[in-house]
Amino acid sequence: MSAPAAVTLEAIGKRFGDGPGAVQALTGIDLTVGAGEFVSLIGPSGCGKSTLLRIVANLIEPTEGSVQVNGKPARRARLDQDYGIAFQQAGLLEWRTVQGNVELPLALHGLDRGARRAQALELLDLVGLADFAGHRPSQLSGGMQQRVAIARALARRPALLLMDEPFGALDEMTRERMQSELIRICAETGAAVVFVTHSIPEAVFLSQRVVVMSPRPGRITHVVDIPLTARDEDTREAEEFFGAITEVREALRGRTKVEDEP
Amino acid sequence: MRTGAVWGGRIFKGIWPPLIFGVAFIALWQWFVDARNVKPYVLPKPSAIWEQLREHHSTILSAAWTTGQNALVGLAIGLVVGVLAALLAARLRALDDALTPLAAAMAAIPIVALTPIFNTMFASTSSTPRRLVVAIYVFFPIFVNTLRGLRQIDPVHAELMRSYAASPWTTTKVVRLPGALPFFFTGLKIASSGAVIAAIVSEYFGGLQKGLGPAITSAAAASAYPRAWALVTAAIALGLAFYIVAVLAERLAMPWQRPEGAVS
Amino acid sequence: MTKRIRATQVRRGAMLLIALVVLAGCWELYKLVIPDDGVKLGSSLILPRSDDASMPHLSEIFKVFGQQEVAGGSGGTVLSSVINALWYSLRLAAAGFAVGVAIGFLLALAMQRLRIVERALLPYVVLSQTIPLIALAPLVYGWSGNLSLFGLEWKPWMSVSVIAAYLAFFPVAIGALRGLASPPPVQTELLACYAASWWQTLLHLRLPASIPYLIPALKLAAAAAVVGTIVAEISIGLQGGIGRLIITYAQQATGDPARVYAPIIGAAVMGLVAVGLISLLDVALRRYHTQEATV
């Protein structure tokens with residue numbers, strides 16, 4: 001009855017380059033993301049959170065350790081299309097319509113035209129953009145383009161969503177709206193999410209656990225549980241929300257205090 | 001979405017300065033020739049040129065037709081070979097390394113100077129030398145620009161394709177080829193008008209006496225200056241026609257580049 | 001220059017040489033394999049003739065340079081004729097280049113200064129290169145001996161330089177305009193805070209910023225000036241230039257087919273020299289840019 005863990009990372013390390021100029025981006029990363037769980041990676045710039053995400057996505061190979069996605073090695077999971085990914089830039093292909101963009105992963109893996117169309121429209125409906133199926137990406141705002149990118153990431157109904165600061169380029173109001181949308185979408189699809197972000201409130205609002213990372217060489221310093229009773233508009237002004245934010249902030253700072261010691 | 005009316009208004013706004021300038025220029029020209037009594041061998045009147053166009057329109061048209069055909073055939077050949085070479089060079093590093101510096105060198109060389117060589121290689125009564133020169137002339141901008149387009153890929157698209165475990169060919173088909181289209185059309189716009197220029201210039205090297213080039217030289221030699229200018233006007237119109245077709249092809253092939261109104 | 005760029009350049013240079021050798025090989029191979037009369041499709045030739053009159057051996061072409069210009073005469077070798085003609089044409093091209101660059105640059109300044117000038121003139125500037133005004137060359141030639149401009153009589157060589165200037169001005173106008181307009185608002189606003197005049201902004205900001213755009217534009221203009229000079233010389237029949245030499249030797253082709261290759265090779269060299277000179281300028285101006293901006 002229990003699904004395999006969405007992501008299992010064991011003793012992951014990543015070094016770029018060789019010899020004296022080598023950069024140790026990550027070291028000793030152990031993390032398990034359960035099926036359907038929402039986990040954020042947060043940390044200062046250069047702590048390797050994007051690198052870690054790309055290791056899970058099998059876009060980069062780790063130097064040490066092993067990574068399993070959905071109970072399989074990461075490479076197998078990528079070939080089997082077990083995850084969907086969204087980047088900071090929506091990366092929509094400007095020569096395809098909105099619908100065409102969502103159909104892309106479906107077309108690449110052999111779905112026939114009718115099935116593709118139906119599924120794409122369903123996904124656009126899920127993100128609230130069904131009316132814009134025939135538009136061009138250049139006609140949509142940044143927030144809308146990101147929603148299309150998310151719809152596209154969900155195209156193959158993956159058990160895992162990987163997101164690299166997808167709302168980073170958006171303004172605060174749009175960001176908050178998108179966060180609520182994402183919560184709703186995840187509830188409906190039941191996908192696990194690994195979410196990279198800079199923003200403490202965003203991490204707290206979205207995730208069940210927040211993984212705090214240290215600057216280079218990146219390692220996990222804290223894992224903060226966020227047992228919020230609800231995740232809706234009222235939550236943003238609730239006591240427990242601010243409490244959790246403070247906890248994460250202290251965790252981020254706590255690391256700095258350690259560095260100050262001789 | 002913005003309506004056609006607003007779009008039309010934008011075109012109008014962009015058109016009136018050059019249009020007014022053009023009309024004023026021609027009017028000034030007409031007045032200047034009359035007022036300063038400029039001799040026809042220096043600069044004929046626009047009205048005299050117009051007269052010649054109407055009077056000799058059949059000969060002018062047939063000369064333009066010959067030149068246009070040469071330009072078209074050469075353009076087609078140079079286009080196909082250029083695109084194929086670019087596709088190959090994008091895949092094979094060695095080919096890229098050999099052709100790209102060659103292309104840079106050829107940009108400095110007057111390709112039309114090769115016409116006499118081709119004239120001896122083929123019969124001097126054939127149009128092939130001219131078409132070949134045009135083809136070579138067209139090949140380089142098409143090759144260089146298309147290759148540039150094929151080589152560049154948005155890093156986000158590259159990562160996306162990798163996350164889909166897409167094969168290199170699939171990535172080329174889905175992302176690189178459409179992404180290369182704007183670059184290809186940049187090359188096409190240069191090549192299309194260049195084809196007409198190369199066609200006319202290659203006609204100056206002897207060989208067949210059909211076409212606009214020889215017609216202009218013989219008209220100049222016979223001191224029929226308004227007629228010569230009329231032929232030049234036909235040449236200009238031909239060059240413009242080729243360029244406009246290239247621009248239209250670009251608009252047709254890339255409908256997503258039209259700047260329509262955005263929705264929020 | 002980084003090691004990587006240097007390695008790429010060396011590799012490219014080597015590949016270019018190999019490519020030239022391969023082309024030379026193909027030439028001789030073609031002569032060997034294809035029949036003398038070429039390959040016909042129906043009644044028209046699709047592959048050129050390969051006999052010695054149409055395609056001289058490469059060795060023949062090399063020998064041509066050493067031949068006497070006029071057999072048994074006192075003139076000089078073909079090589080010296082070619083070099084003299086090149087020198088003549090190069091000066092014409094330089095004159096056309098100078099005038100074209102000056103006009104192009106002034107035009108770009110005017111267009112940058114006044115938006116209305118840009119809107120009125122830019123379409124014509126772009127269109128000027130799509131139209132074969134080179135067809136006007138024989139007519140411009142008609143001015144010589146009949147026209148006086150500011151008291152200076154119009155000589156035939158001026159017609160050639162005018163055509164060269166016409167072809168050279170366009171890349172400079174476009175490149176300079178892009179370059180002058182290239183500084184981002186953060187920099188132009190900074191100079192506005194200093195109450196800098198348009199002229200000062202030009203001198204301290206826009207001109208240095210335009211160098212990466214000007215260098216490739218000047219290279220294009222140099223190549224265009226060379227092409228314009230040669231083509232104008234041919235259509236006018238100007239004596240003394242390399243264009244005329246090509247025509248002359250082409251007419252002698254029945255007697256000596258390899259001879260016409262000499263001035264054609266010379267013309268190619270002329271183009272390369274012109275662009276090479278601009279590259280030297282590029283090196284001298286390194287301070288203002290690290291990389292060329294692709295136009």
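Trainee: Where in chain A is A:Ser138 placed?

Mentor: This is a predicted model. In it, A:Ser138 falls in a loop of chain A. The loop runs between α4 (113-126) and α5 (142-153).

Trainee: Does A:Ser138 count as buried, exposed or partly exposed, and why?

Mentor: Count the C-beta neighbours. A residue is buried with 20 or more within 10 Å, and exposed with 12 or fewer. A:Ser138 has 14 C-beta neighbours inside 10 Å, so A:Ser138 counts as partly exposed.

Trainee: What is A:Ser138 in contact with, leaving aside its neighbours within four places in sequence?

Mentor: Two residues: A:Glu94 and B:Trp256. Note the chain letter of B:Trp256, which belongs to chain B.

Trainee: Now the whole of chain A. How many helices and strands are there?

Mentor: Chain A has eight helices and 10 strands. Next, its extent: the C-alpha trace spans about 65 × 45 × 40 Å along its principal axes. Of its 262 residues, 46% count as buried.

Trainee: Let us turn to chain B. What does its secondary structure come to?

Mentor: It has 10 helices and zero strands. Read from the N terminus on, the elements are α-α-α-α-α-α-α-α-α-α.

Trainee: What radius of gyration does chain B have?

Mentor: Chain B has 23 Å, but a compact globule of 264 residues would have a value near 18 Å. Its C-alpha trace spans about 75 × 55 × 30 Å along the principal axes. In chain B, 43% of the 264 residues count as buried. Among contacts between residues at least 6 apart in sequence, 78% join residues at least 24 apart.

Trainee: How are two packed helices described?

Mentor: By the angle between their axes and the distance between the axes.

Trainee: At what angle do α3(B) and α10(B) pack?

Mentor: At about 40°, with their axes 10 Å apart. This crossing is right-handed. On α3(B), the residues that meet α10(B) include B:Ile60, B:Ala63 and B:Gly68. On α10(B), B:Leu231, B:Leu238 and B:Phe242 are among the residues that meet α3(B). The contact divides into nine nonpolar, two polar and no charged residues.

Trainee: Now the chains together. Between which chains are the most contacts?

Mentor: Two pairs of chains touch, and the most contacts are between chains B and C. That contact takes 48 residues from chain B and 52 residues from chain C. The most come from α10(B), with nine residues. By class, this side of chain B has 39 nonpolar, eight polar and one charged residues.

Trainee: How many residues does the contact of chain A with chain B take?

Mentor: It takes 19 residues from chain A and 18 residues from chain B. On the chain A side, α2 (74-79) and α3 (98-108) each supply at least two residues. That side has 10 nonpolar, six polar and three charged residues.

Trainee: How far apart are the closest C-alpha atoms of chains A and C?

Mentor: They lie 16 Å apart, and no contact joins chain A and chain C.

Trainee: Which domains does the assignment give for chain C?

Mentor: Domain 1 (1-55) and domain 2 (67-288). Their C-alpha centres lie 30 Å apart.

Notes:
Residues are numbered from 1 along each chain as its sequence is written. Chains are lettered from A and ligands numbered from 1 in the order in which they are written. This is a predicted model: local features need pLDDT of at least 70, side-chain atom pairs count only at pLDDT 80 or more; totals for chains, interfaces and linings use all residues. Helices (H or I, at least four residues) and strands (E, at least two) are DSSP runs, numbered from the N terminus. Two residues are in contact if their C-beta atoms, placed from the backbone, lie within 7 Å. Ala, Val, Leu, Ile, Met, Phe, Trp, Tyr, Cys and Pro count as nonpolar, Asp, Glu, Lys and Arg as charged, and the others, Gly among them, as polar. Domain bounds come from an automatic or database domain assignment. Axes are lines fitted to C-alpha atoms, for helices over the stretch in contact, and angles run from 0 to 180 degrees between N-to-C directions. A crossing is left-handed if the near helix is turned anticlockwise from the far one by less than a right angle, and right-handed if clockwise. The radius of gyration is taken over C-alpha atoms; the globule rule is 2.2 Å times the number of residues to the power 0.38.
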